[in-house]
Amino acid sequence: MNMMNKPENEKSAVPAETAAPIETDAVIVGAGPVGLFQVFELGLLEIKAHIVDSLPEVGGQCIELYPDKPIYDIPAVPVCTGKELTESLLKQVEPFGASFHLGQEVAVLQKQEDGRFYVETSKGTRFLTKVVIIAAGVGSFQPRTLKVPQIEQFLGTQLFYRVRNPATFHGKNLVIAGGGDSALDWALDFVGKAESVVLVHRRDGFRAAPASVAKMKELCDQLQMQFLVGQLTGFEQSEGRMTEVRVKSLDGLTRRVPLDALLVFFGLSPKLGPIAEWGLALERKQIVVDTEKFETSVPGIFAVGDINLYPGKKKLILSGFHEAALAAFGATRYIFPERKVHLQYTTTSPKLHKILGVESPVFD
Ligand SMILES: Cc1cc2nc3c(=O)[nH]c(=O)nc-3n(C[C@H](O)[C@H](O)[C@H](O)COP(=O)(O)OP(=O)(O)OC[C@H]3O[C@@H](n4cnc5c(N)ncnc54)[C@H](O)[C@@H]3O)c2cc1C
């Protein structure tokens, strides 16, 4: 996916696990639409935030599940796609210079003796933060895995659920499994760059964009790639390397396909994952919060958006935006305990104009 305003992934010469923890006011877990708007609401109150997402891109469900579908119920935006909403939110949070840490799951969350929280990600990025705001939606999106016994031993060497560096697959014999946009897009992308490309899908119907399917069929006709209808059922190996996969077709015939690498794109499924281990009160896999501050059962940890539960909860983006505003005010208690924080309007407050980096308009 091409995000016009895609924030830079974290770049550092120091390996995350050896660097000192990053000290900050707030860590936001999840960069879906609500996590992104949380940056804005915290920013207005001068609260600096770091935001972490297990996906390599921001936008949560809007980008992963419906980037091109129109949304009609964002207040004052008659219609926008999931991708457009994400891009607008990124533009809106620009003035606050939040740091994005993408492609890493928040795995550890522990209260410290000094009242702060220790947060650690799957990549070893560590934080000491005054508050944590969980905007984790339906949980971390994890790739759906291939159910072939023993095949996971090749994960990261010959079996891949994501393409991080396409060049490593150039010149290789590739088998690509799946029928969605990711499978088709990568299959088309690797034609002419890989030694060979074989697409395997369990049926001759696709979830991918019709134009991609038509292009794939055209390339098959030109013998530039192959398409097999069938299921991956097994593999052969020699000296620790997977040498071929078995593809069983609907008529029961099993073909053996030699390969260097197997790329599987079966979509993403959400998992609550480590959040369930953080000692927060949960109900039906959601985090119970109050409706004044959207604070969880642990003081200093807030939960907003699809992940939270309270009487009357509706899983809508606009509900999450409201929750983010009140959670930000709730967080001020921990960040500026000595300060009384007043509500100010972005229209008229010179202080907010300064924070936003805009000129104060002159009113008659
Ligand atoms: C097909 C479809 C259409 C929809 N249409 C509408 C609509 O028209 N209007 C509307 O209001 N709503 C709509 N929704 C619902 C809307 O998308 C959700 O309400 C919204 O995405 C919730 O935002 P969020 O930020 O709370 O969570 P999400 O969008 O789910 O984002 C959560 C993010 O947190 C990350 N995450 C989770 N756990 C961790 C962890 N431990 N570490 C790091 N990152 C983590 C995830 O990777 C994800 O990116 C639709 C949903 C779907 C599926």
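Student: What is the relative accessible area of aspartate 185?
Tutor: This is a predicted model, where local features need pLDDT of at least 70 and side-chain atom pairs count only at pLDDT 80 or more, while totals for chains, interfaces and linings use all residues. Residues are numbered from 1 along each chain as its sequence is written, and side-chain values use heavy atoms, with hydrogens and water left out. Buried means under 20% relative accessible area, exposed means over 50%, and partly exposed lies in between (1.4 Å probe, protein chains only). Aspartate 185 is partly exposed, because its relative accessible area is 42%.

Student: In which helix is aspartate 185 found?
Tutor: Helices are DSSP runs of H or I with at least four residues, strands are runs of E with at least two, and both are numbered from the N terminus. Aspartate 185 falls within residues 181–190, which form helix α4.

Student: Which residues form the negative surface patch?
Tutor: A patch takes residues with over 30% relative accessible area and no salt bridge, and joins like charges within 9 Å, or nonpolar side chains (Val, Leu, Ile, Met, Phe, Trp, Tyr) within 5 Å. Asp and Glu count as negative, Lys and Arg as positive, and His and the chain ends are not counted. Each charge is placed at CG of Asp, CD of Glu, NZ of Lys or CZ of Arg. The negative patch is made of Asp68, Glu84, Asp181 and Asp185.

Student: Which residues gather in the patch of positive charge, and where does lysine 271 lie?
Tutor: The positive surface patch holds Arg144, Lys147, Arg202, Arg203, Arg207 and Lys271. Lysine 271 counts as partly exposed because its relative accessibility is 45%. Its place is residues 268–271, strand β18.

Student: How many salt bridges are there?
Tutor: Side chains of opposite charge can pair when their charged atoms come close. A salt bridge is a side-chain nitrogen of Lys or Arg within 4 Å of a carboxyl oxygen of Asp or Glu. By this rule the count is 14.

Student: Which residue pairs with glutamate 323 in a salt bridge?
Tutor: The salt bridge of glutamate 323 is 2.9 Å, N to O, and the partner is lysine 313. Glutamate 323 lies in helix α6 (residues 317–335) and the partner in the loop between β22 and α6, so the pair ties together parts 10 residues apart in sequence. Both residues are buried, glutamate 323 and lysine 313.

Student: Which side chain of opposite charge is nearest to aspartate 306?
Tutor: Aspartate 306 sits in the loop between β21 (301–303) and β22 (308–309). Aspartate 306 is buried yet has no salt bridge. At 5.0 Å away, the nearest side chain of opposite charge is lysine 313.

Student: Which side chain does aspartate 306 join in a polar contact?
Tutor: A polar contact is a pair of N or O atoms within 3.5 Å; within protein, one must be able to donate a hydrogen and the other to accept it, and residues adjacent in sequence count only if both atoms are side-chain atoms. At 3.0 Å, the side chain of aspartate 306 has such a contact with glutamine 61.

Student: What is the phi of alanine 76?
Tutor: Most residues other than glycine have a negative phi. Alanine 76 lies in the loop between β3 (70–71) and β4 (80–81). Alanine 76 is exposed, because its relative accessible area is 83%. Although not a glycine, alanine 76 has a positive phi of about 70°.

Student: What percentage of the residues in the protein is buried?
Tutor: The protein has 7 helices and 22 strands. Its C-alpha trace spans about 75 × 50 × 45 Å along the principal axes. Of the 364 residues, the buried share is 49%.

Methods:
Areas by Shrake-Rupley, 256 points an atom, 1.4 Å probe, with all protein chains shown as cover.
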